[in-house]
Amino acid sequence: MKTDMQVSGKIKLINETQTFGASGFRKRELVVTTDEQYPQMLMIEFVQDKVDILDAYKVGQDVTVSINLRGREWINPEGVAKYFNSITGWRIEATAPAAQGGEAPATFETTSIAQNEEPDDLPF
């Protein structure tokens, strides 16, 4: 499995931590809106000891999330296989927002290398 997958975008939602069952399984969901021609709202799950890393982030912040794709099979009561996918986050980092296009690129004045006004004092 490819292990260097990342999602970048703006945090749309950070849910509260949920705890399930007697084992105390913990899960917290994060929604990131990607910044592309057709923005996607991706729900990313953080589980167990990773739920607490979301405490340092807030809605509206630009982030890059390192993810793993997970897939599982479930056989329903009729014996038919169903398949489910999930996106699991394991690291998150704040990123600078993308340039908004309002800033003009730097311009430089061009000059001729050999100008007639300057004497040629090279010894060769």
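## A pair of rings

How many aromatic pairs does a search of the whole structure find? The search finds one aromatic pair. Its partners are F20 and F25, with ring centres 6.4 Å apart and planes at 40°, so the pair is tilted. If you are new to this kind of description, here is the idea: a pair of aromatic rings is described by the distance of the centres and the angle of the planes.

F20 has a relative accessibility of 36%, so F20 counts as partly exposed. F25 is partly exposed too, at 33%. Please keep in mind as you read on that this is a predicted model.

## The chain as a whole

What does the chain look like when you read along its sequence? The pattern is β-β-β-β-β-β, with six strands and zero helices. The chain has 124 residues, and 26% of them are buried. Its accessible surface comes to about 9700 Å², and carbon and sulfur atoms account for 53% of that area.

Take the contacts in the chain with a separation of 6 or more: 51% of them join residues 24 or more positions apart.

## How confident is the prediction?

The average pLDDT of the chain is 84, and 75% of the residues score at least 70. Confidence is highest in strand β4, at a mean of 97, and lowest in strand β2 (residues 18-20), at 93.

Which residues have a pLDDT that stays under 50? Residues 101-115 do, and for this stretch the model has zero contacts beyond four places in sequence.

In soluble globular proteins, nonpolar side chains tend to be buried together. In this model, the largest nonpolar core has 15 residues, and the members that touch the most others are L30, I44, V65 and I92. Two or more residues each come from β1 (5-14), β3 (25-34), β4, β5 and β6 (81-94). The largest share, four residues, is given by β1.

Let us take I92 and look at its surroundings. Not counting residues up to four places away in sequence, I92 touches I11, L30, F46, I53, L54, Y57, V63, T64 and V65. Two names in that list, L30 and V65, were also among the core members with the most partners.

## Two buried residues in strands

Is E45 buried or exposed? The relative accessibility of E45 is 15%, under the 20% cut-off, so E45 counts as buried. You will find E45 in strand β4 (residues 41-47). Beyond its neighbours within four places in sequence, E45 is in contact with K27, R28 and E29, and also with S86, I87, T88 and G89.

S66 sits in strand β5 and is buried as well, with a relative accessible area of 2%. How far apart are S66 and G89 in space, C-alpha to C-alpha? The distance is 5.8 Å, although 23 residues separate them in sequence. G89 is also one of the residues that S66 touches, along with M5, Q6, T88, W90 and R91, when residues up to four places away in sequence are not counted.

I75 belongs to strand β5 (residues 62-75). With a relative accessibility of 45%, I75 counts as partly exposed. Leaving aside neighbours within four places in sequence, I75 is in contact with V80 and A81.

Then comes N76, in the loop between β5 and β6. Why does N76 count as buried? Its relative accessibility is 12%, and buried means under 20%, so N76 falls on the buried side. The side chain of N76 reaches the backbone nitrogen of E78 at 3.0 Å.

## A residue with a positive phi

Most residues other than glycine have a negative phi. Which residue has a positive phi of about 50° although it is not a glycine? That residue is Q48. Q48 lies in the loop between β4 and β5, and it is partly exposed, with a relative accessible area of 35%.

Note on methods:
Residues numbered from 1 in each chain as written. Predicted model: local features only at pLDDT ≥ 70, side-chain atom pairs only at ≥ 80, totals over all residues. Heavy atoms only, no water. Buried < 20%, exposed > 50% of the residue type's maximum accessible area, 1.4 Å probe, protein only. Contact = heavy atoms within 4.5 Å. Areas by Shrake-Rupley, 256 points an atom, 1.4 Å probe, with all protein chains shown as cover. Core = buried A, V, L, I, M, F, W, Y, C linked by side-chain atoms within 4.5 Å. pLDDT = per-residue confidence, 0-100. Polar contact = N/O pair within 3.5 Å; in protein donor to acceptor, adjacent residues only side chain to side chain. Phe/Tyr/Trp six-rings, centres within 6.5 Å; stacked < 30°, edge-to-face > 60°.
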